[in-house]
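Please keep the sequence and the 3D view open while reading.

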Amino acid sequence: MLVGGNQGTISFTEGAYKQLYASSHGNPRRINAICDRALLIAYTKEKFTVTRAMVTKAVKDLSPGVGIDSLEKWQGGSRKLTVLLLLG
């Protein structure tokens, strides 16, 4: 964040970190997407600390239909569809 111009004023609460890990399962791409959205939420609220609630909102924003939470289900469904199309 220092590269982006932050002077060290933006932080995440411990609860935000825990929610981030629980929601991303440690996947770097998911972490990046969730953090990006959580930082945007903090910016729109003119806050310099990202909270658990902001991370939770970020996950919900990214998860309508096929999103972060349902990615594994979608991947399994696409495999089944591929098999059906090959058999059909």
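## Confidence of the model

pLDDT is the predictor's confidence in each residue, on a scale from 0 to 100. It applies here because this is a predicted model. Within the protein chain, the element with the highest confidence is S2, at 96, and the lowest confidence falls in helix H4, residues 71-87, with a mean of 54.

Over the protein chain the mean pLDDT is 80. A value of 70 or more is reached by 62% of the residues.

## Overall layout

The protein chain has four helices and two strands. Read from the N terminus, these elements follow the order β-α-α-β-α-α.

The chain has 88 residues, of which 26% count as buried. Among contacts between residues at least 6 apart in sequence, 55% join residues at least 24 apart.

Which residues of helix H1 are buried? In this helix, which covers residues 14-24, they are Gly15, Ala16, Gln19, Leu20, Ser23 and Ser24. Seen down the axis of H1, these buried residues fall within an arc of 145°, so they line one face of the helix. The cover over them includes strand S1 (11-12), helix H2 (28-44), strand S2 (49-50) and helix H3 (52-62).

The face turned away from the buried side carries Glu14, Lys18 and Tyr21, which are exposed. Just after H1, histidine 25 has a positive phi of about 55°.

## Glutamine 19

Glutamine 19 lies in helix H1. Why does glutamine 19 count as buried? Its relative accessibility is 19%, and the term buried is used for values under 20%.

What does glutamine 19 touch, leaving aside residues up to four places away in sequence? Its contacts are Arg52, Val55 and Thr56.

## A salt bridge within H1

A search of the whole structure finds three salt bridges. One of them joins the side chains of glutamate 14 and lysine 18, with an N to O distance of 3.5 Å. Both residues belong to helix H1 and sit four residues apart, about one turn of the helix.

Are glutamate 14 and lysine 18 buried or exposed? Glutamate 14 is exposed, and lysine 18 is exposed as well.

## How H2 and H3 pack

Two packed helices are described by the angle between their axes and the distance between those axes. For H2 and H3, the angle is about 115° and the axes are 8 Å apart. The crossing of H2 past H3 is right-handed.

On the H2 side, the residues that meet H3 are Ala33, Ile34, Arg37, Ala38, Ile41 and Ala42. On the H3 side, they are Met54, Val55, Lys57, Ala58, Val59, Asp61 and Leu62.

Valine 59, in helix H3, is buried, with a relative accessible area of 6%.

Arginine 37 makes a salt bridge with aspartate 61, and the closest N and O atoms are 3.8 Å apart. This pair links distant parts of the chain, with arginine 37 in helix H2 and aspartate 61 in helix H3, 24 residues apart.

Aspartate 61 also takes part in a salt bridge with lysine 57, where the side chains meet at 2.7 Å, N to O. Lysine 57 and aspartate 61 are both in helix H3, four residues apart, about one turn of the helix. Through shared partners, the salt bridges join Arg37, Lys57 and Asp61 into one network.

How accessible are the members of this network? Arginine 37 counts as partly exposed because its relative accessibility is 27%. Aspartate 61 is partly exposed, with a relative accessible area of 27%. Lysine 57 is partly exposed too, with a relative accessible area of 43%.

Definitions and conventions
Residues numbered from 1 in each chain as written. Heavy atoms only, no water. Buried < 20%, exposed > 50% of the residue type's maximum accessible area, 1.4 Å probe, protein only. Arc of directions from axis to C-beta. Contact = heavy atoms within 4.5 Å. Salt bridge = Lys/Arg side-chain N within 4 Å of Asp/Glu carboxyl O. Axes fitted to C-alpha atoms, helices over the stretch in contact; angles between N-to-C directions. Left-handed = near helix turned anticlockwise from the far one by under 90°.
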